[in-house]
Amino acid sequence: MLDAVWSGGRLFTKEHLIKNTGKGANVPPTILWAALQDREWTGKPHITDLLKGPRQKYLEITNDYSVTVDSVIKSLYGKAMHGIFDSSPNDDCWTEVEIDYLDVLMRFDAIYYHNNGELTLCDNKILGSYAIAKYLGLKKEYTPALDEYGNQQIYKTGQKKGQTVMTSRLTRDPDPADQYDFHLQLNAYRVAMNDILANRIGLYPQFKNIAGMEVSHLKLFIIPRDGNLREAISRGIDEPFYYLDVPVMADELVREEITTRRDTLLHALETEEMPRLCTPREAWDGNKCVSYCPVSNVCKAHGDNTYLT
Ligand code: SF4
């Protein structure tokens with residue numbers, strides 16, 4: 001479990017912070033305290049646990065590990081925003097919904113009832129422009145610059161003399177693999193809500209007005225964390241927010257994915273057997289292993305991670 005945070009070259013635990021004010025840290029003690037807040041493992045996975053590779057989550061549960069304050073500071077934006085998202089304009093809008101389905105805990109931001117009888121489920125995210133551009137499939141494509149007669153332009157002076165002048169334009173071609181986790185997450189909420197509305201309304205009386213209805217629309221509301229910065233704009237992220245439709249996946253596929261991931265994690269915990277390595281997609285082609293995974297040292301010690309040689 002997360003038990004310590006690095007700040008200003010020092011390691012701070014919760015006990016340490018309770019006893020003193022975090023002297024020597026390079027951030028206020030309130031930020032250290034917020035960085036140390038982590039969901040406790042109760043024996044039931046949360047859907048977001050299942051979106052990580054099973055090895056990462058297994059090692060996070062079975063080991064005490066630390067994070068740097070720099071690595072978690074950005075995730076605090078999202079946590080802080082939940083206070084804003086948790087307000088509802090009327091009785092046909094439910095926010096910060098917590099449910100349980102197939103022994104997996106879920107919490108999503110909102111579900112709305114429209115007068116036309118449709119239910120829309122929405123999740124809000126605050127993401128860096130890199131992640132948004134990846135999700136949207138925005139890429140820079142370089143082609144030779146042409147003059148007014150259609151001839152390729154060549155640098156005539158300077159260090160690039162003789163080289164072709166290139167021009168860039170953004171293309172949009174989303175890769176389903178880059179969208180899969182968000183789509184699975186929202187569809188898991190949808191399938192779970194539909195099961196509650198059809199079969200388990202007694203356990204969730206707050207939804208009795210919409211019992212028997214089905215969630216038909218999924219939306220992702222994304223705020224760029226670094227919007228307006230030059231780097232974000234160069235990636236094509238030039239909007240203050242994105243309110244996107246998420247496609248509906250087959251119910252059976254969603255259930256299969258959730259239960260397989262749940263069982264892989266629970267089996268590893270029960271048998272204390274190290275789960276498989278995270279897939280290249282889960283490990284961001286090794287980038288997560290090298291720079292972002294908080295349990296990479298334990299994973300490396302197991303000796304089978306070729307990204308960590
Ligand atoms: S180091 Fe890589 S493979 Fe190992 S748990 Fe972390 S993300 Fe997964």
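The model is predicted. The protein chain contains 11 helices and 10 strands, and buried residues account for 23% of its 309 residues.

**Overall make-up**

- Taken along the principal axes, the C-alpha atoms of the protein chain fill a box of roughly 75 × 55 × 40 Å.
- Of the contacts between residues at least 6 apart in sequence, 64% join residues that are at least 24 apart.

**The shell around the ligand**

- The ligand is surrounded by 14 residues, and the closest of these are Gln56, Cys278, Cys289, Cys293 and Cys299.
- Helix 4 (54-62), helix 10 (287-292) and helix 11 (296-302) are the elements that each give two or more residues to this shell.
- The most is given by helix 4, which provides 3 residues.
- Sorted by class, the shell consists of 8 nonpolar, 4 polar and 2 charged residues.

**Helix 4 against helix 9**

- Helix 4 packs with helix 9 (residues 251-271) at an angle of about 40 degrees, and their axes are 10 Å apart.
- Because of this angle, helix 4 is oblique to helix 9.
- The crossing of helix 4 past helix 9 is right-handed.
- On the side of helix 4, the contact involves Pro54, Lys57, Tyr58 and Ile61; on the side of helix 9, it involves Arg261, Thr264, Leu265, Ala268 and Leu269.
- This contact of helix 4 with helix 9 has 6 nonpolar, 1 polar and 2 charged residues.

**Helix 7 against helix 9**

- Helix 9 also packs with helix 7 (residues 176-199), at an angle of about 105 degrees and with the axes 10 Å apart.
- Helix 7 and helix 9 are therefore roughly perpendicular to each other, as angles from 65 to 115 degrees count as roughly perpendicular.
- Helix 7 contributes Leu184, Asn187, Ala188 and Val191 to the contact, while helix 9 contributes Asp251, Val254, Arg255, Glu257 and Ile258.
- By class, the contact of helix 7 with helix 9 divides into 5 nonpolar, 1 polar and 3 charged residues.

- Most residues other than glycine have a negative phi.
- Asp103 is not a glycine, yet its phi is positive, at about 60 degrees.
- Asp103 is placed in the loop between strand 4 (93-101) and strand 5 (104-113).
- Asp103 counts as partly exposed because it has 13 C-beta neighbours inside 10 Å.
- Asp285 is likewise not a glycine and has a positive phi, of about 50 degrees.
- The loop between helix 9 and helix 10 holds Asp285.
- Asp285 has 12 C-beta neighbours inside 10 Å and therefore counts as exposed, since the cut-off for an exposed residue is 12 or fewer.

**Gln153**

- Gln153 lies in the loop that runs between strand 7 (138-144) and strand 8 (166-172).
- With 13 other C-beta atoms within 10 Å, Gln153 is partly exposed.
- Leaving aside residues up to four places away in sequence, Gln153 touches Ala145, Leu146, Asp147 and Val165.
- Gln153 and Leu308 are 155 residues apart along the chain, and their C-alpha atoms are separated by 44 Å.

**Asp64**

- The loop between helix 4 and strand 3 (65-68) contains Asp64.
- Asp64 counts as exposed, because 11 C-beta neighbours lie inside 10 Å.
- Its contacts are Met1 and Asp3, not counting residues up to four places away in sequence.
- A distance of 34 Å separates the C-alpha atoms of Asp64 and Phe221, which are 157 residues apart along the chain.

**Asn194**

- Asn194 belongs to helix 7.
- Asn194 is partly exposed, as 18 other C-beta atoms lie within 10 Å.
- When residues up to four places away in sequence are not counted, Asn194 touches Glu214 and Val215.
- Asn194 and Ala211 are 17 residues apart in sequence, and the C-alpha to C-alpha distance between them is 9.1 Å.

Note on methods
Residues numbered from 1 in each chain as written. Predicted model: local features only at pLDDT ≥ 70, side-chain atom pairs only at ≥ 80, totals over all residues. Near = placed C-beta within 6 Å. Helix = DSSP H or I, 4+ residues; strand = E, 2+ residues; numbered from the N terminus. Nonpolar A, V, L, I, M, F, W, Y, C, P; charged D, E, K, R; others polar. Axes fitted to C-alpha atoms, helices over the stretch in contact; angles between N-to-C directions. Parallel < 35°, antiparallel > 145°, perpendicular 65-115°, else oblique. Left-handed = near helix turned anticlockwise from the far one by under 90°. Contact = placed C-beta atoms within 7 Å. Buried ≥ 20, exposed ≤ 12 C-beta atoms within 10 Å, placed from the backbone.
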